[in-house]
Amino acid sequence: MLNIILFGPPGAGKGTQSEKLIKNYNLTHLSTGDLFRKHISERTELGLSAKKYMDEGNLVPDEVVIGMVAEKVKNTPDTAGFIFDGFPRTVAQAEALDKILSENGTPITMMLALQVDEEELLDRLLKRGKVSGRPDDQNPEKIKNRFTVYDRETTPVAAHYKQQGKLFNIKGVGDIDTIFSRLTEAIDAKV
Ligand code: ADP
């Protein structure tokens, strides 16, 4: 199995590149942000509890996220692999993911980390907010809070996979197809 973590700050292009990668490698897209938004639109209890964190740009508590991911992995037995997008976002989530996958007999293959500077990220997110209607993409203060949370909670996740020799940094600026080629080159060199 090919299990990839697509890593990077909000607005790095994880969703866009995930869509292309799943088609190319026949993988399952596991985006925790998308799963939460689906719960919110279906007004489930999990969605209601996640919404208040998301709207402020804060992280949903680890146990809620981890439970949701474990269930999705368990319910997807016949897949060539996963693209994890927006997860793990804390070291506790990374440790939980390693455990879930080792029980499944299929460890993380690699982490691809998209590198984009903050000015470009803010610009992309505000543009996305105008078309998507996502409340967390419309307010510069809330976006700044997501960057702060990212630096504090999520950046250490890269070191966790670097220690395992699985971290690959990819330049995330340029046109979509150029970035996609950089990603596939790194994947094809590894597998
Ligand atoms: P982005 O990467 O642009 O911030 P996402 O769609 O990945 O957007 O996530 C949107 C929001 O959903 C996050 O700001 C956070 O509140 C919540 N969320 C998504 N994934 C996680 C996670 N792994 N842990 C905690 N909260 C999460």
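Visitor: Which residues are the closest to the ligand, and how many surround it?

Guide: A residue is near a molecule if one of its heavy atoms lies within 4 Å of it. In this predicted model, 20 residues surround the ligand, and the closest are Thr 32, Arg 37, Asn 58, Gly 86 and Arg 128. Residues are numbered from 1 along each chain as its sequence is written, and side-chain values use heavy atoms, with hydrogens and water left out. Because the model is predicted, local features need pLDDT of at least 70 and side-chain atom pairs count only at pLDDT 80 or more, while totals for chains, interfaces and linings use all residues.

Visitor: How do the residues of that shell divide by class, and which helix gives the largest share?

Guide: Ala, Val, Leu, Ile, Met, Phe, Trp, Tyr, Cys and Pro count as nonpolar, Asp, Glu, Lys and Arg as charged, and the others, Gly among them, as polar. The shell around the ligand holds seven nonpolar, six polar and seven charged residues. Helices (H or I, at least four residues) and strands (E, at least two) are DSSP runs, numbered from the N terminus, and helix α2, residues 32-41, gives the largest share of the shell with four residues.

Visitor: Which polar atoms lie by the nitrogen and oxygen atoms of the ligand?

Guide: A polar contact is a pair of N or O atoms within 3.5 Å; within protein, one must be able to donate a hydrogen and the other to accept it, and residues adjacent in sequence count only if both atoms are side-chain atoms. Here an N or O atom in the side chain of Arg 37 is 2.9 Å from an oxygen atom of the ligand. A nitrogen atom of the ligand is 2.9 Å from a backbone N or O atom of Gly 86, and a polar side-chain atom of Arg 89 lies 3.1 Å from a nitrogen atom of the ligand. The protein covers 96% of the 540 Å² of accessible area that the ligand has on its own, where accessible areas come from the Shrake-Rupley method with a 1.4 Å probe and, for residues, only the protein chains shown count as cover.

Visitor: Which pocket does the ligand take up, and how much space lies in it?

Guide: On a 1 Å grid over the protein atoms alone, a cavity is a set of points where a 1.4 Å probe fits but cannot get out, and a pocket is an open set with protein on both sides within 12 Å along at least five of seven lines; lining residues have an atom within 4 Å of a point. A molecule sits in one if more than half of its atoms lie within 2 Å of its grid points. The ligand takes the space of the largest pocket, in which about 840 Å³ of space lies. Of the 40 residues lining this pocket, the closest to its centre are Pro 10, Lys 14, Arg 89, Arg 128 and Arg 134. A volume is the space filled by probe spheres set on the points, which are joined across faces, edges and corners.

Visitor: What is the volume of the largest cavity, and which residues are the closest to its centre?

Guide: The largest cavity has a volume of about 80 Å³; of its 13 lining residues, the closest to its centre are Gly 8, Lys 14, Gly 86, Arg 89 and Thr 154. Strand β1 gives the largest share of this lining, three residues.

Visitor: Which residues does a cis peptide bond join, and where is Pro 88?

Guide: Most peptide bonds are trans. A cis bond joins Phe 87 and Pro 88, with omega about -5°, and Pro 88 is in the loop between β3 and α5.
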